[in-house]
Amino acid sequence: MELFDLPLIWAFIIGFGIIMYVLMDGFDLGVGILFPFAPSEEDRDTMMNSVAPVWDGNETWLVLGGAGLLAAFPMVYSIFLPALYIGVFLLLAGLIFRGVAFEFRFKARTSRYLWNWAFAGGSTIASFAQGAVVGAYIQGFNTVDGVFVGGALDWLTPFTVLTGLGMLAGYALLGSTWLIMKTEGRLQEWAYRITLPLLAAVLIIFGIISVWTPFVDDLVRERWFSNLTVIWVLPVLTLLCAFQIFRSVRNRLEGMPFVATMGLFVTTYLGLVVSRWPYVVPPEYTLWEAASAYESQLFLLLGLLFVIPIVLTYTAWTYWVFRGKVRAGEGYH
Amino acid sequence: MELDPLLLSRIQFAFVVSFHAIFPVFTIGLASYIAVLEGLGFKTGNPVWLKLSTFWTKVFAVVFGMGVVSGIVMSFQFGTNWSNFSQATANFLGPVLSYEVITAFFLEAAFLGVLLFGRDKVPPGVHLFAAIMVATGTFISSFWILAANSWMQTPAGFELRDGIFHVTSWSEAIFNPSFPYRFMHMGLASFLTGSFVVAGVSAWYLLRGREVEANRKALSMCLWLILFIAPAQLVVGDFHGLSTLEHQPTKVAAMEGNWETSSNVPLLLFAIPDQEAQTNHFEIGIPSLASMILTHEWDGVVPGLKDVPREEQPPVAIVFWSFRIMVGIGTLMILVGLTGLALRRGGRYFQSPWFLQVLRVMSIAPFIAVLTGWFVTEVGRAPWLVYGIMDQAAAVTPSLTGGMALFTLIGYIVVYAAVFSAGVYYLMRVLYVGLEDQHGEEEHEAERPARPFSAAHVPFEYGDDDHSNPAKQGGH
C-alpha cells in the first residue's frame with residue numbers, strides 16, 4: 001500500500017516552505033529592523049513601499065507551515081509549540097503588530113510615529129524569536145514518550161540568544177541588500193554603507209554559532225567530523241557567498257548583494273539541515289517517527305500539489321509586476 | 001492561589017476564537033452580497049449597483065484583513081495549549097485544517113486581488129467571476145472549519161489505535177452526523193449577519209439623507225432576505241437541535257435547564273440554574289412545551305443532566321442563558337422581517353425614523369446571536385473536546401504551567417485590544433466616509449495585488465479630509 005516514502009516527500013515540502021519563508025519574509029522583516037535607523041521619514045516611506053506589495057504573501061508561507069506541520073508531522077507540532085510557548089507568542093504578537101502597521105501607517109498622519117514603532121518593534125521581536133526557535137531546535141528538546149516535559153524557558157539559553165541575534169543580523173543584511181536593489185540615491189547609499197558592517201556582524205555571530213554547535217550536541221559533532229567530508233562544501237560555499245557580497249558592494253553592483261545574501265542563507269540552512277538530518281525533534285525522533293498516518297499525508301498531498309504551483313506562479317507574478325526601483329513619493333498609494 | 005493551566009487555556013481559547021469568529025461570519029455573508037450586487041450591475045448596467053458593490057468591497061477588505069490576522073493565532077493555539085489533543089487528532093484535523101488554509105490562500109492568490117483592485121483592469125465579466133469565486137471560497141473555507149468542529153462534536157469515520165485517531169473513512173469523518181446541520185445553520189447565520197449589517201448601515205445613511213437611492217435599494221434587498229432567512233433559520237435550528245438531542249443529549253439538557261429525565265418537560269423562560277444543588281431557582285416555564293419542541297409530543301421524554309455524573313456536566317448556566325439570548329435575538333429578527341413587510345407598501349419603511357433606528361441598533365444583534373450560539377455548542381459539550389472520547393483535561397499541554405498560560409492570556413488580550421480597536425475604529429471611518437465620490441481612487445491602485453486593507457482608501461484620523469473633501473483621499 002505504501003507506494004511512496006511520503007514522510008520524506010513531506011519533509012522536502014516543509015523544508016522548502018521554511019526556506020521560502022526565511023528568504024522572503026526575511027528581507028521584509030529586515031527592512032523593519034533597519035526602519036528606525038533610516039536617514040529620514042521620506043526614506044522610511046520608500047522602505048515600506050518597497051516591501052508593501054509582497055509582505056503578506058511572504059507570511060502566508062508561515063501559516064501554511066504551521067498547518068502543514070500539524071497534518072504531516074504532528075509530533076513536531078505538538079512538541080515544538082509547547083516547548084517554544086513564550087517564544088511563539090512573542091513571534092505572533094510581533095507579526096500582528098507589524099502587519100497592522102503596514103496597513104495603517106500609510107493612512108495615518110498624526111499617529112504615524114506609533115505605527116513606525118509598531119513596525120520596527122514587531123519586526124525585531126519576530127526576527128529574534130525566529131532565531132531563538134532555530135537555536136532551540138539545534139539544542140534539542142526534553143521529551144518523554146513523544147511529549148515535551150521541559151520548562152517554559154528551556155528555549156531561552158545563551159546559545160539561543162546568540163542564534164536570535166544572528167537571525168536579527170542576517171535579516172537586517174537581507175533587508176539592506178534588498179534596499180540596495182530596490183532603491184536609489186541617498187537611501188541606496190545608506191544601504192551600501194551599512195551592508196558591510198552588517199555582513200561583518202553576521203559572519204562573526206554565525207562563526208561563533210558554528211564553532212559552538214558541535215559542543216551543544218554529540219551527534220552534530222560526529223556528523224561534521226566523521227567520514228562524510230562532502231558536507232564541508234556547504235560552509236565553503238557560505239564563505240564564497242560572503243566574499244561575493246563584499247566584492248559586489250565594493251563594486252557598487254545593485255542586484256548581486258541581495259542574490260549573494262540569499263545564497264548565504266541557503267547554504268547556512270542546508271548546513272543546519274545536514275547537521276540534524278534525519279532528526280526533526282532532536283535528539284530523539286526522526287522524521288519517520290514524527291510523521292502522521294500514511295492516508296492522512298496522502299489526502300493532503302493531493303490538494304497541495306494542486307495549490308503550490310498556483311501560489312508560486314502568483315508570487316512570481318507579483319514580484320514581476322513590482323520589479324524595478326521604488327522612488328520616493330511614488331509609492332503604491 | 002494556584003493558577004490552573006486548564007482553566008486559563010479554556011479562557012484563552014474562548015477569547016481568541018470568539019474574537020476571530022465575528023470577522024469570518026460577517027465576510028461570508030458579505031461576499032455573497034457583493035457577488036449579487038456585481039451580478040445585478042452586470043445584468044442591468046445600472047451604476048447604482050456598482051456604487052454599492054464598490055463601497056461594500058472596501059468594508060469587506062478591512063474585515064477580511066482582521067479575520068486573517070486573528071486567524072494566524074488560531075492555527076498555533078492547538079499546539080501551544082492543547083498539544084495532547086493535536087497529537088491525538090492530527091491524522092484527521094491536520095489535513096482538514098490545512099485544506100482550510102490552502103483554500104484561503106488559493107482564494108487570496110487568485111481572486112481576491114482581482115475583486116479588490118481589478119475593477120478597471122479586467123473586463124466586467126471577469127470581475128463578476130472573481131466576486132463569485134471569492135464568495136464560493138469563503139463557503140469552502142467554512143466547510144472545512146465546520147467539518148473539523150463537527151467531527152469533534154460527533155466523531156465518526158475513525159478508529160483509535162494507541163490513543164491516536166486514525167481515519168478509516170474520509171467521507172464519514174467529514175460528513176459526520178452534526179456537520180450538515182451546523183453548516184446550514186452557520187451559512188444562514190452568515191447571511192443574516194451580512195443582511196443586518198448592510199441594513200443597519202443603509203438605515204443610518206438614510207437617516208442622514210446620504211446617497212438615498214443606493215441605500216434604499218440596499219435596504220430593500222436586505223429586508224426581503226431577512227423576511228425569508230430569519231424564519232428559515234428557526235427551522236434549521238430546530239433540526240440542528242433534534243440532531244443534538246440524538247447525539248449529545250446532555251447538551252440539550254443544559255440548553256433546557258432540565259435536571260431530571262422526564263416527560264411533559266416545560267419550556268423554561270426564566271430560571272437560575274444551580275450546579276451545586278443540581279436544580280433551578282425561580283423557574284418560570286410553559287408546561288410541556290420543551291417536550292413538544294424536542295420530541296413533537298406533549299408527553300415526550302427529555303433527557304436530564306443527572307443522567308451523567310456531575311463531572312461530565314457542562315456549566316449549565318452559561319449554556320442555558322446563551323441559548324435564550326440566541327433564540328431571543330432570532331425571534332427579534334423574524335419580527336424585523338415581518339415589520340419590514342408590513343411597512344413595504346409605498347416604501348413607508350424608508351420614511352419611518354423609528355424603524356430605521358431599530359435597524360441601526362439591530363446591526364450588532366447577529367454578532368451576539370452567533371457568539372452565544374457558539375457558546376451553547378462549545379460550552380455545552382464540556383468537559384469533552386472529542387465528544388465522549390477525549391476530555392479537556394486529557395487534551396491540555398502537559399508541560400503548560402498556570403503562569404505561562406496567564407502570561408499569554410494577558411498578552412493576547414493586550415495585543416487584540418490594541419490591534420482590533422484600531423481596526424474597528426478604522427472600519428467606522430470607512431462607514432463614516434461612505435459611498436460618496438469613490439471615483440478617482442481606483443487609478444492610484446493600478447497594480448496592487450492582494451493587500452486587503454489597502455482596498456479602503458480612508459485616512460486613519462478624523463480631520464480635514466473626510467468625505468466633505470474627497471480630493472485628498474486618493475494620494476499619498
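**Ground rules.** I am working with a predicted model, in which local features need pLDDT of at least 70 and side-chain atom pairs count only at pLDDT 80 or more, while totals for chains, interfaces and linings use all residues. Residues are numbered from 1 along each chain as its sequence is written, and chains are lettered from A and ligands numbered from 1 in the order in which they are written.

**Where the chains meet.** I first looked up the contact between the chains, counting two residues as in contact if their C-beta atoms, placed from the backbone, lie within 7 Å. Chain A brings 56 residues to the contact and chain B brings 53 residues.

**Domains of chain B.** The domain assignment gives domain 1 (1-176 + 401-476) and domain 2 (233-389) of chain B, with bounds that come from an automatic or database domain assignment. Taken over C-alpha atoms, the centres of the two domains of chain B are separated by 28 Å. Ten residues of domain 1 of chain B are in contact with twelve residues of domain 2 of chain B. Helix 1 (5-44), helix 3 and helix 4 (124-153) of chain B each supply at least two residues to the domain 1 side, and helix 1 of chain B gives the most, with four residues. That domain 1 side has six nonpolar, four polar and no charged residues.

**The core.** Which residues have the most contacts inside the largest nonpolar core? They are A:F73, A:V76, B:W56 and B:V134, in a core of 242 residues. Such a core is a set of buried Ala, Val, Leu, Ile, Met, Phe, Trp, Tyr and Cys residues joined through C-beta atoms within 7 Å. A residue is buried if 20 or more other C-beta atoms lie within 10 Å of its own, exposed if 12 or fewer, and partly exposed in between, with C-beta atoms placed from the backbone. The largest share of this core, 20 residues, comes from helix 3 (residues 83-117) of chain B, and the core draws at least three residues from each of domain 1 and domain 2 of chain B.

**Around A:F73 and A:A291.** Leaving out residues up to four places away in sequence, I listed A:V280, A:L287, A:A290, A:A291 and A:S292 as touching A:F73. A:A291 lies in the loop between helix 12 (287-290) and helix 13 of chain A, and counts as buried because 24 other C-beta atoms are within 10 Å. A:A291 and A:L8 are 283 residues apart in sequence, yet 9.4 Å apart in space, C-alpha to C-alpha.

**Backbone angles.** Most residues other than glycine have a negative phi, and most peptide bonds are trans. I noted A:R252, whose phi is near 55°, in the loop between helix 10 (233-250) and helix 11 (256-276) of chain A. Is A:R252 buried or exposed? A:R252 is exposed, with 11 other C-beta atoms within 10 Å. In chain B, B:D162 has a positive phi of about 55° and sits in the loop between strand 1 (158-161) and strand 2 (164-167). The peptide bond joining A:P282 and A:P283 is cis, with omega about 0°, and the bond from B:A382 to B:P383 is also cis, with omega near 5°.

Technical notes
Nonpolar A, V, L, I, M, F, W, Y, C, P; charged D, E, K, R; others polar.
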